[in-house]
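Hello,

Here is the structure I promised to pass on to you. Please have a look at it first, and then read my notes below.

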Amino acid sequence: MTSTRFSQDHRIQFLFSAALASLLVLGAVRFYLDNLKSNQFQLLWQSVFSQSRFLRVPINVSADEIIEDGCNVFEGKWVWDNVSYPLYTEEGCPYLVKQVTCQRNGRPDSFYQNWRWQPNGCKLPRYNALKMLEMLRDKRLMFVGDSLQRGMFESMVCLVQSAIPDGRKSLQRVPPRKIFAIEDYNATIEYYWAPFIIESISDHATNHTVMKRMVKLDSIEKHSKQWEGADILLFESYVWWMYKPFINATYGSPDNVREYNVTTAYRLALETWANWIESSINPRRQKVFFVTMSPTHLWDWEWKAGSDGNCFDETHPIEGPYWGTGSNLEIMGIVKEVTEKLQVNIRLLNITQLSEYRKDGHTSIFGERKGKLLTKEQRSDPKNFADCIHWCLPGVPDTWNEIFYAILLQDYRKH
C-alpha cells in the first residue's frame, strides 16, 4: 500500500515537473515574441548564440562510411545515378562564376551532372555537409593553383554552403585570394591563384595570359607567406606548364632568363615548393595534399577513331581503359618522385584517371573566353572555340571533393 502511494506521488511529482517545464518553455517563447524588437533582448540572444556556436559536436562515422584498408578509391567506374546526383544545383549556389554554369549558359543537356564515381573495391561515403563543416571547425582550408583548382574550390563552397544559415557565411575577394568565411564554425575555405605554384609573370589574378609565360623557378616566398597558417592545403599545377614544350625561366640570378624544357622546369619548381614544405609545414597540425593533373579532351579521335572534333556535344563518359595524350606521364612521375622524398606526408589526390573518362563534363561552348561568354558566332565554331579543359559545375570536381571528404573522414575516425 505504501509502495503504491509512493508510486502515485512520484507520478504526480513527475507530471507537475513536466507541466511546470512546459509553462516555462511557453513563457520563454512568449517573452521572445514580446521582445523580438527589443535591442536588449537581441543582444542577449546573440551573446547566448555566440557562446553555443563554438561547441564541438562529435562526428559519428557510421559503418557504411568506413573505407576498407587496401581499397583504392581512385580506381573504378562511373555509374548513372539521377536520384542522388547532382549534390546541389546551379540555382542553389550563388557562388559559382559564369565560366562553369553551363546550364545557365545554354547547355541543352544535364546528363553530366548525374554520374557517380564507384570505386572497384568499396563505396565512397555519402557527402555530408555538416560533417565536413565540423571537420573544418577552427581551420583554414586552402586551394592553391590555377582556374581548375578554383573550380574545385567553388565546388567545395557549393557542397557546404546550403547547410550554413543566411547571414552566417560570406565570400570575400582579395586578389589573388578568395575567402569563404563560415562564422559559426570559425572556419574559412580559401582559394589562392598561383598557376605555377612558384612565382611567375602570370600571378595577377585577372591580368594574365598563358601565351606569355616566364617563371621564377627558385622563388616562392611571395606566395608562400599567404599559405602560412593554413591547416589543410591542396596544391595543383599543370595545364599552364603544358602550353608549349619549352618555357622561359630564371633560376639563381633573376636577370638570367633562359629557355628550359618544360619537364626540367617543372621538376625544379616542384623542388622549390618541396623545400618550403619541409621548412614550413608542421605535420602534427597541418595536412597537405597535391591534386594530380586534370585531363583535357581536345581531340576526339582519341576515343572516336577517324573523327576530327573535340569534347563538343559529348554527353556520356568514355567506357573502358583510356588515357588521353593531354596527360603527361613524365610530369605525373615527377610529382610522385618529389613528394615521396619528403619527410612531411604529402597525399596525392589522384583524380587524373577517373577524370579521363569524363569527356562529357567540360564547359565546351557554354563557358567563357577572356572573361566573356561566347558569342553566337563563336558557339557555331566549336572546333576552334570549345573549352575542353575547364569543367561544368555541378560536375566532375564535385567527385574530387567527395574523395577528399572521404579521406578526411577516415582521418577523423582514426584520430
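In this predicted model, helix α3 (residues 129-136) and helix α4 (residues 147-161) have axes that come within 8 Å and cross at roughly 110 degrees. That makes α3 roughly perpendicular to α4, a term for angles of 65 to 115 degrees. Axes here are lines fitted to C-alpha atoms, for helices over the stretch in contact, with angles running from 0 to 180 degrees between N-to-C directions. Helices (H or I, at least four residues) and strands (E, at least two) are DSSP runs, numbered from the N terminus.

Where the two helices meet, A129, M132 and L133 of α3 are in contact with M156, L159 and V160 of α4 (heavy atoms within 4.5 Å).

Now to the sheet. Seven strands make up an open, mixed sheet, ordered β4-β5-β6-β3-β8-β11-β12; strands pair if DSSP finds at least two bridges between them. At its edges are β4 (169-174) and β12 (346-349), each pairing on one side only. From one strand to the next, the twist averages 15 degrees. Strands β3 (residues 140-145) and β8 (residues 232-235) run parallel and are joined by four bridges; L141 has I232 in β8 as its bridge partner.

Helix α4 also packs on this sheet, and its direction makes about 165 degrees with that of β6 (187-193). Helix α11 (residues 396-414) lies across β3, β8, β11 and β12, at about 145 degrees to β12.

On the numbers: residues count from 1 along each chain as its sequence is written. Local features need pLDDT of at least 70, side-chain atom pairs count only at pLDDT 80 or more, totals for chains, interfaces and linings use all residues, and side-chain values use heavy atoms, leaving out hydrogens and water.

Best wishes

Note on methods
Parallel < 35°, antiparallel > 145°, perpendicular 65-115°, else oblique.
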